[in-house]
Amino acid sequence: MDKQILLEGIDLLEFFGVNNSKIELVKRLFPKIKITARGHALFVQGEPKEINTFEKKFALILDHYYQYNMLTEETIHEILDAGVSSIEENGSSEPDIIVFGNSGKPVRARTPNQRRLVEANSQNDLIFAIGPAGTGKTYTAIALAVRALKNKEIKKIILSRPAVEAGENLGFLPGDLKEKIDPYLQPLYDALQDMIPPKKLEEFLKDGVIQIAPLAFMRGRTLSNAYVILDEAQNTTVNQLKMFLTRMGLNAKFIITGDVTQIDLPRKSHSGLIQALRILKGIKNISTIYFDKKDIVRHRLVRDIVEAYDKYDDQKIEIKTDSTGKNAK
């Protein structure tokens, strides 16, 4: 009996090992069948009973790799001997772990408000995550989306940003539309690259399982069976955000992130995010998580920079108030 097993979206070096050490181990553990690796496929020859046993065991190895993005010789032994690895028994039970990134690195909720976002995710279909730069709003949201995709809770991830220039003019950038837009979407790519192996991410993007697009591309769509994240929502107009919110279809979860202190809209435009927070307040199954300086997980100087700007803004408000003669101290 001959059997072909496709290995879709894997890193061959990580999965097969240096000098094919891991697949050679698998071969030694199944001496009654012939296993040949050719690119992203395994060819198996042997008796039907032996091949059926191998398929079931090998499926567990593949499941482990897709879940944790890593595979060790020790894990192969554990899975083939007991049907489960020590990581599955112990590692995934840690409550703060959202998903396992590349090389098995756990992506955790690291601050109290990141944990609140994770908790809100299990109870609400629409979540607003509001706070300053560096607090992990978007990164945590993307980790939740990747987890939902891995667990087959949804069929696709859709990530979006409004293409609003922060003091720059999009029309004068070189290249075609995609080349002009990609820099605005790069932070979303960066987060995904931490959590999904390159080959698998490339496959997801090609097949449309993961879609990254400017907000304008959402018009006219109904987003069902999807995890949808709108980043930098403070730069949406009132009509844009209303349009986005009304895209929600069946079995969809929306997370909207933004920093209301960094609005890059033209002066006469009102932020759709600020208005939406007022209008939708109190509606069931809509949650708002406010992040603050304590949640900043970038370089320690980022927190100091945010605090310095906050103090400067407060002083400007006080000076302006005093100059009008109203509420002067």
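Guide: A definition comes first: helices are DSSP runs of H or I with at least four residues, strands are DSSP runs of E with at least two, and both are numbered from the N terminus. Please also note that this is a predicted model.

Visitor: Good. How many residues does helix H3 have, and how far does it reach?

Guide: Helix H3 covers residues 48-68, which is 21 residues. From its first C-alpha to its last it reaches 30 Å, close to the 30 Å expected at 1.5 Å a residue.

Visitor: And which residues of H3 are buried?

Guide: The buried residues of H3 are Ile 51, Phe 54, Phe 58, Ile 61, Leu 62, His 64, Tyr 65 and Tyr 68. Because they cover an arc of only 155 degrees around the axis, they lie on the same side of H3.

Visitor: What does the face turned away from the buried side of H3 carry?

Guide: That face of H3 carries Lys 49 and Lys 56, which are exposed.

Visitor: New topic: how many cavities of 30 Å³ or more does the structure hold?

Guide: The structure holds one such cavity. The volume of the largest cavity is about 30 Å³.

Visitor: Which residues line the largest cavity?

Guide: Its lining consists of Phe 15, Phe 16, Lys 22, Ile 23, Val 26, Phe 58, Ile 61, Leu 71 and Ile 76. Helix H1 (12-16), helix H2 (21-29) and H3 are the elements that give two or more residues to this lining. The largest share, three residues, comes from H2. Phe 58 and Ile 61 of H3 are buried, and both line the largest cavity.

Visitor: On to strands. What joins S2 to S3?

Guide: Strand S2 (residues 34-38) and strand S3 (residues 41-45) run antiparallel and are joined by five bridges. Lys 34 stands opposite Gln 45 in S3. The two strands form a hairpin with two residues between them, and Gly 39 in the turn has a positive phi of about 60 degrees.

Visitor: Back to helices: which residues of H9 are buried, then?

Guide: In helix H9 (residues 198-207), they are Lys 200, Leu 201 and Phe 204. Their arc around the axis is only 100 degrees, which puts them on the same side of H9. The face turned away from that side carries the exposed residues Pro 198, Glu 202 and Lys 206. Just after H9, Gly 208 takes a positive phi of about 80 degrees.

Visitor: Last topic, S10. How many of its residues are buried?

Guide: Seven of the seven residues of strand S10 (residues 252-258) are buried, so S10 is largely enclosed by the rest of the structure.

Visitor: Which way do they point from S10?

Guide: Ala 252, Phe 254, Ile 256 and Gly 258 point one way, while Lys 253, Ile 255 and Thr 257 point the other way. In a regular strand the side chains alternate between the two faces of the sheet.

Key. Residues numbered from 1 in each chain as written. Predicted model: local features only at pLDDT ≥ 70, side-chain atom pairs only at ≥ 80, totals over all residues. Heavy atoms only, no water. Expected span 1.5 Å × (residues − 1). Buried < 20%, exposed > 50% of the residue type's maximum accessible area, 1.4 Å probe, protein only. Arc of directions from axis to C-beta. 1 Å grid on protein atoms, 1.4 Å probe; cavity = no way out; pocket = protein on both sides within 12 Å on 5 of 7 lines; lining within 4 Å. Points joined across faces, edges and corners; volume = space filled by probe spheres on them. Pairing = 2+ DSSP bridges.
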